[in-house]
Amino acid sequence: MIQKLLVANRGEIARRVFATCRALGVATVAVHSDADADAPYVAEADEAVRLPGNSPVETYLRIGSILDAARRTGADAVHPGYGFLAEHAGFAAAVTDAGLTWVGPPAGAIAAMGDKIAAKELLAGAGVPMLPTWTDGDAVTDFPVLVKASAGGGGRGMRIVRDPADLPAAVDSARREAAAAFGDGTVFVERYVERGRHVEVQIFGDTHGTVVALGERDCSVQRRHQKIVEEAPAVLPDGVRERLHAAAVAAGRAVDYVGAGTVEFLLAPTGEFFFLEMNTRLQVEHPVTEAVTGLDLVRLQLLVAEGGALPVPATPPADGHAIEVRLCAEDPTQGFRPATGTLHRFAVPGVAGEFTPTRGLRLDSGVDTGSTVSVHYDSMLAKLVAWAPTRAEAARSLAGALARAELHGVATNRDLLVRVLRSAEFGAAQVDTGFLDAHPGVFAPLLPADRLPVAALAAALAGAAARRAAAPVLAGLPSGWRNVPAVPQVVRYATTTGDEIEVRYRLDRSGALADWSTDPTVADPTATAAPDAPPVVELVTAAPDRVLLDVAGVRRVFRVHRAGSAVFVDGPDGATELTELPRFPLPRAALAVGSLLAPLPGTVTRVHVGAGQRVAAGDLLLTLEAMKLEHPVLAPTDGVVADLPVPAGGQVETGAVLAVVNPEEAPR
């Protein structure tokens with residue numbers, strides 16, 4: 001039996017595996033990069049070994065270092081998690097060659113399914129339906145197509161191409177991204193199915209010849225080809241479920257599969273389905289299967305790795321419905337680019353359990369309050385899962401918990417997830433892989449623009465209460481109290497969109513709100529539109545962390561949290577982050593006109609233009625790689641490239657100047 005398990009991974013999946021190990025009495029070992037030294041998963045392991053460096057290539061992808069960590073700690077088994085080396089046949093073989101127990105499928109099965117091109121050929125022979133596929137871009141005749149990485153998944157190296165002229169550039173870009181993410185830049189092309197649904201089947205095999213389907217999941221709601229909402233069971237036409245399960249089991253038996261695996265299919269509107277790929281590992285979305293089956297899939301992995309027989313002889317019936325969302329560090333105001341920073345507060349209300357099968361609300365998080373989100377790894381912070389007797393109840397519960405969560409310090413995709421869950425189309429199970437493109441309204445922030453002034457007022461009143469509470473003398477006097485009131489209190493804030501809002505308020509002798517107003521046009525002195533009259537607001541109570549306002553006869557509670565100059569306001573309409581601006585700002589150096597700044601830390605992988613070159617608006621200037629994704633930097637206007645201060649291979653921090661484009665003057 002396994003006595004001590006090393007998890008060759010990080011973040012929430014390491015914590016997930018450790019949770020089951022603690023329940024089973026198995027000792028645990030973590031490995032960590034320098035950036036992860038203070039991560040929660042490291043603190044939760046019984047032992048931890050440093051992998052010097054930060055990039056995946058020098059840490060979590062270094063097989064020799066991980067095996068050395070197992071030797072030094074006396075670990076007798078290795079769990080790969082998902083991502084990194086989880087689907088690396090050479091790693092699986094190296095673990096078993098070292099005399100350790102590998103918690104995963106045999107190296108041969110990983111190799112067979114890891115090469116997605118060869119996997120398609122193998123499974124087609126087993127009767128699994130396939131899409132037309134090309135390995136030579138010049139041979140493609142049927143558009144639109146999807147460029148895909150052969151060695152990995154998770155949306156890395158994936159590109160939709162509708163115009164044949166765009167295919168060479170898409171292939172080149174996909175190769176670079178795949179090489180960065182998986183160490184293998186091999187790509188292939190397959191026919192793209194419009195309005196297809198991404199449905200996958202969880203399979204499990206043991207060393208006694210059993211291969212079972214444990215149900216299916218719908219993972220159709222995706223952004224950048226990465227899943228963000230997953231659910232089980234899938235809502236399927238009559239007869240499709242049984243055929244999907246049979247095809248998935250056939251795929252597993254074709255490679256003598258052992259352990260947890262996922263066979264992914266594309267379901268067409270006609271009811272036809274086609275094999276996409278087989279992931280020879282535990283999936284990110286495995287908690288929804290656990291919720292509706294009651295099975296601990298990590299426990300089953302350990303049992304099978306020890307040579308035990310799978311205690312599930314047939315597909316178990318689904319009990320209720322479960323939905324999972326992936327909460328990611330992404331900035332909605334910057335096109336959902338990955339975001340970095342410090343999580344000043346991370347709190348989700350109503351959580352019934354973490355990391356193991358739970359009825360109700362489950363949280364699998366890689367971070368806690370105080371965690372630093374770095375540029376080195378994936379942007380996913382946590383998975384939140386809701387189980388309920390019905391799909392509608394699960395969606396409502398999950399959306400409510402997300403909306404009330406306090407997520408302070410790092411921008412996230414929370415508002416998008418809530419709007420998806422609350423949309424009528426999702427409620428009617430009208431989902432496909434183009435869901436987000438077809439419903440742009442889900443990208444709107446939860447907090448309506450006309451509710452921002454009241455949230456800013458709450459921030460100002462909480463700030464005043466905090467200053468009075470900290471005052472060494474006369475702390476009981478209302479903020480801004482004067483014998484003869486003349487001018488209001490004024491606080492200016494910057495919003496996450498770069499605008500400014502000015503709050504003016506005055507309290508009377510009793511501490512009540514006498515009057516207030518806001519000016520949202522401070523940042524634009526040329527604006528002439530007068531702000532709308534503010535709603536009638538009465539101050540009920542104000543504390544440094546909680547403000548209760550009566551807004552037009554309705555009492556509303558605002559939770560306020562301050563971290564330096566950043567102020568986070570969570571109210572009944574949504575959340576907002578404001579930055580309090582100094583009353584007397586210091587002068588600062590001006591940037592050159594036309595400067596393009598780095599939106600996040602990263603590495604300039606390619607520079608596509610030269611200084612002095614004339615460019616048109618939208619031309620690709622350079623490519624920035626950060627958090628495993630490529631981010632194109634485009635010319636904002638017609639003009640001439642005046643400066644390119646960062647060469648290819650150069651690393652930059654947020655706000656660094658990447659290029660300067662002198663705008664082309666309009667003819668007179």
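How many cavities of 30 Å³ or more does the structure hold? The structure holds two. The model is predicted, and its local features need pLDDT of at least 70, side-chain atom pairs count only at pLDDT 80 or more, and totals for chains, interfaces and linings use all residues. Residues are numbered from 1 along each chain as its sequence is written, and side-chain values use heavy atoms, without hydrogens or water.

**View 1. The largest cavity and its lining.** The volume of the largest cavity is about 50 Å³. Of its 13 lining residues, Val103, Gly104, Pro105, Arg281 and Gln301 are the closest to the centre. A cavity is a set of points on a 1 Å grid over the protein atoms alone where a 1.4 Å probe fits but cannot get out, and lining residues have an atom within 4 Å of a point. The volume is the space filled by probe spheres set on the points, which are joined across faces, edges and corners.

**View 2. Arginine 15 in helix H1.** Helix H1 (residues 11–24) contains arginine 15; helices are DSSP runs (H or I) of at least four residues. Arginine 15 is buried, at 5% relative accessible area (buried: under 20%; exposed: over 50%; partly exposed: in between; 1.4 Å probe, protein chains only). A polar atom of the arginine 15 side chain lies 2.8 Å from the backbone oxygen of serine 365. Beyond four places in sequence, the contacts of arginine 15 (heavy atoms within 4.5 Å) include Pro40, Tyr41, Phe355 and Asp368.

**View 3. Serine 397 in helix H11.** Serine 397 belongs to helix H11 (residues 391–404) and is partly exposed, because its relative accessibility is 35%. Residues up to four places away in sequence aside, serine 397 touches Leu361 and Ala386.

Terms used. Helices (H or I, at least four residues) and strands (E, at least two) are DSSP runs, numbered from the N terminus. A polar contact is a pair of N or O atoms within 3.5 Å; within protein, one must be able to donate a hydrogen and the other to accept it, and residues adjacent in sequence count only if both atoms are side-chain atoms. On a 1 Å grid over the protein atoms alone, a cavity is a set of points where a 1.4 Å probe fits but cannot get out, and a pocket is an open set with protein on both sides within 12 Å along at least five of seven lines; lining residues have an atom within 4 Å of a point.
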